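Biologist: I have a chain open and would like to go through it with you. Can you keep the answers plain?

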Amino acid sequence: MQIKIKRGDEFKAYKIEKAKLLLEALLEIKHNIDYTLAFDYGCKSKVCGTCAVRVNGKETLACAHRIKDGDEVEPLRYEKHLKDLKVEQASIQKIAQTQGYLHEFCEYTMDAQDEAKNDIQSDCILCSSCFSACPVLEVNQNFAGPYALTRAYRYAVDKREANAKSIIEAVQKDGVWDCTLCGECTLVCPKGIDPKSDIMQLRNISAQHGYFDPNFSNNFGGFDPNFTF
Ligand code: SF4
Ligand code: SF4
């Protein structure tokens with residue numbers, strides 16, 4: 001079978017003899033055909049998230065994707081492109097933007113119900129697939145993106161966080177209200193995380209803290225002298 005890999009501006013075709021999974025195919029090419037092919041991988045078992053790429057326009061982990069004849073493989077979008085399928089995950093800085101981490105620790109004994117609230121969000125492997133799939137980043141590079149918002153949610157509902165308000169404040173600008181709720185991020189997550197739903201939850205928590213959608217306010221909250229029917 002043949003697969004195509006984006007190298008520079010063009011797709012280059014490679015004949016695959018043995019491999020079944022995409023990562024195996026990339027290693028087969030590197031060992032037998034062209035050692036200059038650049039790509040990243042780590043655990044080879046869907047745990048580290050390092051080998052995320054796009055196949056036929058959809059994000060996937062190379063170690064999990066079963067290749068088909070004619071597959072077209074590209075690097076993730078919006079990250080700093082280094083070479084071939086290799087990118088530098090610049091989007092990791094978005095976690096600082098959303099403040100998706102523990103700020104002020106307070107002692108609290110978590111029960112099963114508390115843990116269930118953010119259990120799945122804690123499984124994020126930072127593969128950046130959801131980030132690459134998000135259409136908002138095509139028009140607004142300042143948008144925090146799905147996984148940084150999921151992480152914000154994970155800590156905002158953690159009972160051991162004594163300053164959740166600062167997280168909620170951090171996701172107002174270029175954050176929760178900029179998401180179109182298209183669900184593309186949820187579709188590609190290899191860990192079954194649902195960033196779209198987490199963003200909706202963050203909107204609810206934002207409203208409880210007195211924040212609201214600025215677009216909604218502009219459209220309906222006041223008189224627009226230029227408005228005509
Ligand atoms: S649901 Fe929101 S965060 Fe997810 S891909 Fe769509 S716009 Fe981006
Ligand atoms: S939320 Fe899912 S798709 Fe996004 S970075 Fe985490 S594991 Fe990857």
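Biologist: What share of the chain's residues count as buried?

Modeller: Of the 229 residues, 35% count as buried. A residue is buried if 20 or more other C-beta atoms, placed from the backbone, lie within 10 Å of its own. This is a predicted model, where local features need pLDDT of at least 70 and side-chain atom pairs count only at pLDDT 80 or more, while totals for chains, interfaces and linings use all residues. Residues are numbered from 1 along each chain as its sequence is written, and chains are lettered from A and ligands numbered from 1 in the order in which they are written.

Biologist: How many helices and strands does the chain have?

Modeller: It has 10 helices and 7 strands. Both are DSSP runs numbered from the N terminus: helices are H or I with at least four residues, strands are E with at least two.

Biologist: What is the strand order in the open sheet?

Modeller: The order is β2-β1-β5-β3-β4, with mixed pairing. Two strands pair if DSSP finds at least two bridges between them.

Biologist: And which strands are at the edges?

Modeller: β2 and β4 (58-61), each of which pairs on one side only.

Biologist: How do β1 and β2 run, parallel or antiparallel?

Modeller: They run antiparallel, and 6 bridges join β1 (residues 2-7) to β2. Isoleucine 3 stands opposite tyrosine 14 in β2. The hairpin has 2 residues between the strands, and glycine 8 takes a positive phi near 70 degrees there.

Biologist: How many residues of β2 are buried?

Modeller: The count is 0 among the 6 residues of β2 (residues 10-15), so to speak a strand that is hardly covered.

Biologist: Switching topic. How many residues are in the largest nonpolar core?

Modeller: It has 26 residues, and those touching the most other members are Cys130, Leu149, Ala152, Ala156, Val171 and Leu202. The largest share, 7 residues, comes from α6. A nonpolar core is a set of buried Ala, Val, Leu, Ile, Met, Phe, Trp, Tyr and Cys residues joined through C-beta atoms within 7 Å. Apart from this core lies another, of 20 residues, among them Ile5 and Cys51.

Biologist: Which residues is leucine 202 in contact with?

Modeller: Leaving aside neighbours within four places in sequence, they are Leu149, Ala152, Tyr153, Ala156, Val171 and Val176. Contact means C-beta atoms, placed from the backbone, within 7 Å.

Biologist: Now the ligands. Which residues come nearest to ligand 1?

Modeller: Of the 14 residues around ligand 1, Cys134, Cys179, Cys182, Cys185 and Lys196 come nearest. A residue is near a molecule if its C-beta atom, placed from the backbone, lies within 6 Å of it. α8 (184-188) and α9 (195-208) each give two or more residues to this shell, and α9 gives the most, with 3.

Biologist: And how many residues surround ligand 2?

Modeller: There are 17, and the closest are Cys124, Cys127, Cys130, Tyr147 and Cys189. Here α6 gives the most, with 3 residues.

Biologist: How does the shell around ligand 2 divide by class?

Modeller: It has 12 nonpolar, 4 polar and 1 charged residues. Ala, Val, Leu, Ile, Met, Phe, Trp, Tyr, Cys and Pro count as nonpolar, Asp, Glu, Lys and Arg as charged, and the others, Gly among them, as polar.

Conventions: A residue is buried if 20 or more other C-beta atoms lie within 10 Å of its own, exposed if 12 or fewer, and partly exposed in between; C-beta atoms are placed from the backbone. Two residues are in contact if their C-beta atoms, placed from the backbone, lie within 7 Å.
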